[in-house]
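User: I'm new to this structure and would like to learn how to read its helix and strand packing. Can you walk me through it?

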Amino acid sequence: MAYTPDRPPLPESPEELRARIPGWGADLDPADRPAVPKEVYDPHPYGAVWDFPERQPEHWPRERSIEHAFLTPVFGTSCPPRGVSGAIRKFAYRRYSEGRAAHWLLLVGADRVDTLGSTLRSFATRHPDNPITETGILAEFKHHGIRSRRGQKRADLVHQPLDLVIVSWPWIAAGVLGFRTVRRLSRRVKR
Amino acid sequence: MRAMVYRGPYRVRVEEKEAPRIEHPNDAIVRVTRAAICGSDLHLYHGMMPDTRVGMTFGHEFVGVVDQVGPSVRTLRPGDRVMVPFNIFCGTCYFCARGLYANCHNVNPNATAVGGIYGYSHTCGGYDGGQAEYVRVPFADVGPSVIPEWMDDDTAVLLTDAVATGYFGAQLGDITEGDVVVVFGAGPVGLTAAASAWLMGAGRVIVIDHLEYRLAKARSFAHAETYNFSEHADVVVLLKKLTDHRGADVAIDAVGAEADGNLLQHVTSAKLKLQGGSPIALNWAIDSVRKGGTVSVMGAYGPIFSAVKFGDAMNKGLTLRMNQCPVKRQWPRLFEHIRNGYLKPTELITHRVPLEHIAEGYHLFSAKLDGCIKPLIVPTAA
């Protein structure tokens, strides 16, 4: 009971637990557990022969947090910033530290601009975006979409319809916009 | 090469992409033989993580065969079968020298609050991940390890994050003999945390989730007592009643961002991106642990602030411990536990998805269809 000094009794004794659960108590002694993040100074544990690594060449002005003194010696080169989203990203990195909400909100905003721009650009390529294959929605038919949800009190069922709206609204908006543009152009041609 | 690429929230595809190349003398190029989709990849997939750029390849859980090495690599050779921890780390900066490999200061120019992670947005350094045929592995002398001969690729890939992180979560709880441990979330990480809690001497392990098939796995894989929070009006009251109105000694948040169970939190975080994650599981952990107890957090949260009940944590005198897992540090002990049969990671695998069908794999995992707990990705060249 929490209202008295004693610890509540456990449903099973250590002996019963040891008999029931493979390995029970194997790491009972904290010394057997890898200790991180309790800091233990060990400067060269794995194979590094440097104190400061050789620097990776910078092939374009690599964006970095202003909390860093300089560009780190190694960095990713996955997707260099480009276009409007790239300009927003560069501004967010140049102007705001990680401690500022503006830094992160600008980056989230740039992500949305990037998505929209990339989708539009894809229509000018031989590999346009395809909402059917890219959302993986076909898995609903191959992996028991209805049976996986029916008769269960899954908390996520409350918001899953919202996900559908979030995924499909740009496509619906683009469809409506396209339809209205085509209709307006055809009316002009008729005049 | 063929690689998964991100096209925007809820959209990914496989396309032909330029193969990675050696960009630093200590790089290696690894041909991927197994990758996995991690629960935290879903945060990227859902557009939760700032600076996730269209065109990026995800995947921080992978194993493979060394294809090329840079001129300064000494410990690996082409043909070596390697497992690669999800953290990219230099091994010698101030933080690495103190064992904080997840917090390396030399690999992520985009942020100082988080280290470098494969395929995990530019916030984590802008490295492409392993859901592809090939991947660039920086600091090849430091991060990867040759897979022991007795270990198969399926076990090894789970050790690159999920199993190591689950064990780490239990370790962060500072469990002592007889502790009552409650684990929020019965995904691969939560399941491993629950199983690991017993190894550390827990007296009772309770797992909370809302998916019955995952709770069934928690009973079989982790020998845990389970409760579906959807069947109870208030999970905190439930846990207080279960623990003589005292609370658990240790609460482990193995959920992270996008926790379900509170629509308001979910909409403001996962949908409107106004929070770095829905902290509902974390708040349940804070409220259901006993005064003076420990809350362990290894569920992934974004860098934007979240509405966490910090006042309760302060007033209760809690110890909050958290970090990304320094994976490589966990491996020697985990190898022993696996060889002894105490942990059986491959029991977590429910699906194998060819790389070409990865969009369906993401949807399957995200929508929790077909009893999915852990999907592996198999590249064509594997």
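User: Which residues in α2(A) meet residues in α3(A)?

Analyst: Contact means heavy atoms within 4.5 Å. In this predicted model, V84(A), S85(A), I88(A), R89(A), F91(A), A92(A) and Y93(A) of α2(A) touch H103(A), L106(A), L107(A), A110(A), D111(A), V113(A) and D114(A) of α3(A). Local features need pLDDT of at least 70 and side-chain atom pairs 80 or more, while totals for chains, interfaces and linings use all residues. Residues are numbered from 1 along each chain as written, chains are lettered from A, and side-chain values use heavy atoms, without hydrogens or water.

User: At what angle do the axes of the two helices cross?

Analyst: Axes are lines fitted to C-alpha atoms, for helices over the stretch in contact, with angles from 0 to 180 degrees between N-to-C directions. Helices α2 (residues 83–95) and α3 (residues 101–122) of chain A come within 8 Å and cross at roughly 170 degrees. That makes α2(A) roughly antiparallel to α3(A) (over 145 degrees).

User: What about the sheet: what order do its strands have?

Analyst: Strands (E, at least two residues) and helices (H or I, at least four) are DSSP runs, numbered from the N terminus. Two strands pair if DSSP finds at least two bridges between them. The open sheet in chain B has 6 strands, ordered β12-β11-β10-β13-β14-β15, with parallel pairing. β12 (225–228) and β15 (319–322) of chain B are at the edges with a single partner strand each, so one side of each has no neighbour in the sheet.

User: How many bridges join β11(B) to β12(B)?

Analyst: There are 4, and the two strands run parallel. I208(B) has Y227(B) in β12(B) as its bridge partner.

How values were computed: Parallel < 35°, antiparallel > 145°, perpendicular 65-115°, else oblique.
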